[in-house]
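Student: I have a model open and would like to go through a few of its details with you. Could we take a loop to begin with?

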Amino acid sequence: MKNNIAVIILAAGKSTRMRSETPKVLHNLCGRPLLGYVLDLVASLKPKQVVAVLGFKQELVRKVIPTGIKVCIQKKLIGTADAVKTGLAALKGFKGTVLVLYGDNPLLKKETLKKLLDYHIENNIDATLLTAQLKKPSGYGRIMRDKVFSICGIVEEKDADEVQKDIKEINTGIMVFKKESLDGNLKYIRSHNRKQEYYLTDIIGILAKKNYLVDGVRLEDPQEALGINTRAELAKANSLMQQRINEKLMQDGVTIVDPASTFISFGTKIGVDTVIYPFTVIERGVKIGKRCSVGPFAHLREAAELKDDVTAGNFIEMVRAKIGAKTFVKHFSYIGDSSVGSCVNIGAGTVTANFDGIKKNNTIIQDKANIGSDTVIVAPVKIGRSAFTGAGSVITKNVPDNAVVAGVPARILRKR
Ligand code: UD1
Ligand code: MG
């Protein structure tokens with residue numbers, strides 16, 4: 001693939017169909033904003049230039065845009081053609097291929113885009129569309145073809161008649177252009193349609209009519225086409241993305257007993273031979289070592305870090321917690337803002353009381369400590385090496401190494 005490529009990412013739209021105050025592209029998909037997936041995809045292509053077109057609540061969207069990507073602001077959200085025009089203004093000196101991506105298309109794969117770009121460049125095409133054949137094409141623009149099966153236009157669902165609505169080949173929204181063919185013809189697009197918007201899709205009909213070379217590449221896996229406009233589509237994308245994440249982890253040597261009930265965030269690192277039991281939720285920023293056992297019904301949140309051979313059993317919640325190797329937290333526990341050593345046993349029902357009503361406080365539990373069932377650890381506090389806490393004790397003061405403590409509040413009974 002030649003490298004003379006610029007990418008315009010359209011992410012200015014409102015969340016009208018999401019019925020949300022949050023920009024659509026910032027909605028969460030498996031632990032990160034939708035737009036993150038598109039940005040990764042773009043980075044993997046190593047294009048010469050990247051422009052993101054923002055509009056609705058741009059100050060929020062901007063926060064997820066990495067440096068090196070130019071940001072252009074679409075002043076009035078009057079359609080995808082106007083958004084592309086806005087983006088092109090930042091590509092004044094650029095000559096070559098322009099790839100247009102929509103920010104609401106997170107399931108798209110790198111290999112697919114490479115294929116599309118290669119086809120476009122090798123065949124010297126003016127506009128190449130990525131299309132998909134869907135059983136239920138509703139909501140998408142339909143691809144119109146003439147008698148010799150050449151693409152002659154796109155009709156949006158809202159403007160389509162009954163015959164056109166029957167067309168199963170859809171526009172994924174991903175298009176590649178020769179820059180000059182795009183730039184020179186955007187001005188012919190009108191807003192005479194149901195939404196009174198300037199549709200980028202109209203450029204296809206315009207180019208075809210003027211005998212520019214227009215062609216399409218069809219997606220092998222139509223799931224990649226999923227554009228997210230509604231919360232139902234978001235849920236669908238979430239489950240497809242989750243499948244991908246779980247499958248990759250299984251390939252890499254993690255046992256997931258029931259992938260359908262296991263929710264693991266994008267980017268989670270899990271070591272080989274770890275077993276994840278059903279109904280487990282693992283949020284963004286969690287690390288799990290080798291040979292661990294997690295769940296069933298475990299909830300691991302941000303910055304939970306399990307070293308090798310850790311058991312985090314049923315009904316466990318952990319957040320900002322480092323758990324040392326060979327430590328057991330087997331039943332009903334909340335471990336937050338904690339640093340737990342290795343070979344520690346944390347009895348059933350143990351709670352770190354990390355929040356004093358104003359701020360979060362840290363708990364330290366050192367190696368080989370033995371925390372009795374139902375211990376409440378009122379942070380900030382440190383429990384020393386090989387210390388024991390009795391069942392039901394409330395720890396309010398530091399516990400020295402080897403001490404045995406019990407009671408409410410806990411007192412030292414003896415040394416071991
Ligand atoms: C669009 C296509 C449709 C295609 C579908 C694929 C048009 C007119 N229609 O429809 O053919 O089948 O995607 O998912 O392009 N945006 C802006 N500025 C605007 C309007 C939109 O930046 O003024 C951005 C949005 O943030 C979004 C993208 O463009 O990321 C697409 O807009 P959206 O409203 O989702 O278009 P669809 O109705 O899905
Ligand atoms: Mg869309």
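Tutor: P380 is found in the loop between strand 27 (376–378) and strand 28 (381–383), where helices (H or I, at least four residues) and strands (E, at least two) are DSSP runs, numbered from the N terminus. This is a predicted model, in which local features need pLDDT of at least 70 and side-chain atom pairs count only at pLDDT 80 or more, while totals for chains, interfaces and linings use all residues. Residues are numbered from 1 along each chain as its sequence is written, chains are lettered from A and ligands numbered from 1 in the order written, and side-chain values use heavy atoms, without hydrogens and water.

Student: OK, and what joins A379 and P380?

Tutor: A cis peptide bond, with omega at about 5 degrees. Another cis peptide bond joins G295 and P296, with omega about 0 degrees, and P296 lies in the loop between strand 18 and strand 19.

Student: What about F297, what is its phi?

Tutor: F297, which lies in that loop between strand 18 and strand 19, has a positive phi of about 60 degrees although it is not a glycine. Most residues other than glycine have a negative phi, and most peptide bonds are trans.

Student: Why is the pair of F297 and F315 called stacked?

Tutor: Their ring centres are 4.9 Å apart and their planes are at 10 degrees, so the pair is stacked; rings of Phe, Tyr and Trp (its six-membered ring) pair if their centres lie within 6.5 Å, with planes under 30 degrees apart stacked, over 60 edge-to-face and the rest tilted. The pair links distant parts of the chain, as F297 sits in the loop between strand 18 (293–294) and strand 19 (298–300) and F315 in strand 21 (residues 311–323), 18 residues apart.

Student: Which atoms of E156 and N171 lie by its oxygen atoms?

Tutor: A polar side-chain atom of E156 lies 2.6 Å from an oxygen atom of ligand 1, and a polar backbone atom of N171 is 2.6 Å from an oxygen atom of the ligand; a polar contact is a pair of N or O atoms within 3.5 Å.

Technical notes. A polar contact is a pair of N or O atoms within 3.5 Å; within protein, one must be able to donate a hydrogen and the other to accept it, and residues adjacent in sequence count only if both atoms are side-chain atoms.
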